[in-house]
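Thanks for coming, everyone. Please look at it for a moment before I start.

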Amino acid sequence: TLTRVIEPEPGDVLLLTMGGSPQNLGIHAGEHLIHTYNGGPKQVIATRLSAALRAWPLDSAWRFPSLIA
């Protein structure tokens with residue numbers, strides 16, 4: 001079970017808003033977001049986190065319990 005967090009940190013799962021509703025997931029990887037990309041062959045890519053959050057606003061962030069201190 002994931003725990004919702006207020007301040008996302010590397011390793012957290014981010015739920016992003018697309019088209020006005022939350023519908024895309026990514027993994028916070030420091031300065032990047034690891035996520036899928038459907039603009040051509042489906043693949044997993046890293047996008048600068050700041051650019052991703054401008055394009056897809058953050059709905060919520062979630063952390064695996066083993067990462068909570």
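How many helices and how many strands does the chain have? The chain has 1 helix and 6 strands. Helices (H or I, at least four residues) and strands (E, at least two) are DSSP runs, numbered from the N terminus. Read from the N terminus, the order is β-β-β-β-β-α-β.

Some ground rules. This is a predicted model, where local features need pLDDT of at least 70 and side-chain atom pairs count only at pLDDT 80 or more, while totals for chains, interfaces and linings use all residues. Residues are numbered from 1 along each chain as its sequence is written, and side-chain values use heavy atoms, with hydrogens and water left out.

Now overall dimensions. The radius of gyration of the chain is 12 Å, close to the 11 Å that the globule rule gives for 69 residues, so the chain is as compact as a globular protein of that length. That radius is taken over C-alpha atoms, and the globule rule is 2.2 Å times the number of residues to the power 0.38. Along its principal axes, the C-alpha trace spans about 40 × 25 × 20 Å.

Next, surface and burial. The chain's accessible surface comes to about 4600 Å², and 59% of that belongs to carbon and sulfur atoms. Accessible areas come from the Shrake-Rupley method with a 1.4 Å probe; for residues, only the protein chains shown count as cover. Of the 69 residues, 25% count as buried. Buried means under 20% relative accessible area, exposed over 50%, and partly exposed in between (1.4 Å probe, protein chains only).

Contacts, then. Contact means heavy atoms within 4.5 Å. Take the contacts between residues at least 6 apart in sequence: 45% of them join residues at least 24 apart.

On to the core. Which residues make up the largest nonpolar core? Val5, Leu14, Leu16, Leu33, Leu49, Ala52 and Ala61, 7 residues in all. E2 and H1 are the elements that give two or more residues to this core. A nonpolar core here is a set of buried Ala, Val, Leu, Ile, Met, Phe, Trp, Tyr and Cys residues joined through side-chain atoms within 4.5 Å.

Look at alanine 52 in that group. Alanine 52 sits in helix H1, residues 49–55. Its relative accessibility is 1%, so alanine 52 counts as buried. Leaving out residues up to four places away in sequence, alanine 52 touches Leu33 and Thr47.

Leucine 49 is another core member. Beyond its neighbours within four places in sequence, leucine 49 contacts Leu14, His28, Gly30, Glu31, His32 and Leu33.

Now threonine 47, in strand E5. Threonine 47 is buried, at 18% relative accessible area. Not counting residues up to four places away, threonine 47 touches Glu31, His32, Leu33, His35 and Ala52.

Valine 44 also lies in strand E5. Is valine 44 buried or exposed? Exposed, with a relative accessible area of 60%. Together with Ile27 and Ile34, Val44 forms a nonpolar patch on the surface, with about 250 Å² of accessible area. Patches are made of residues with over 30% relative accessible area and no salt bridge; like charges are joined within 9 Å, nonpolar side chains (Val, Leu, Ile, Met, Phe, Trp, Tyr) within 5 Å.

Last topic: salt bridges. A salt bridge is a side-chain nitrogen of Lys or Arg within 4 Å of a carboxyl oxygen of Asp or Glu. The count comes to 3.

Glutamate 9 pairs with arginine 63, the closest N and O atoms being 3.8 Å apart. This pair links distant parts of the chain: glutamate 9 in the loop between E1 and E2, arginine 63 in strand E6, 54 residues apart. Glutamate 9 is partly exposed, at 43%, and arginine 63 is buried, at 11%.

Aspartate 12 also meets arginine 63 in a salt bridge, 2.7 Å from N to O. Aspartate 12 lies in the loop between E1 and E2, 51 residues from arginine 63. Aspartate 12 is buried, with a relative accessible area of 0%.

Glutamate 31 is in the loop between E3 and E4, and arginine 48 is in strand E5, 17 residues apart. Glutamate 31 is exposed, at 54%, whereas arginine 48 is partly exposed, at 45%.
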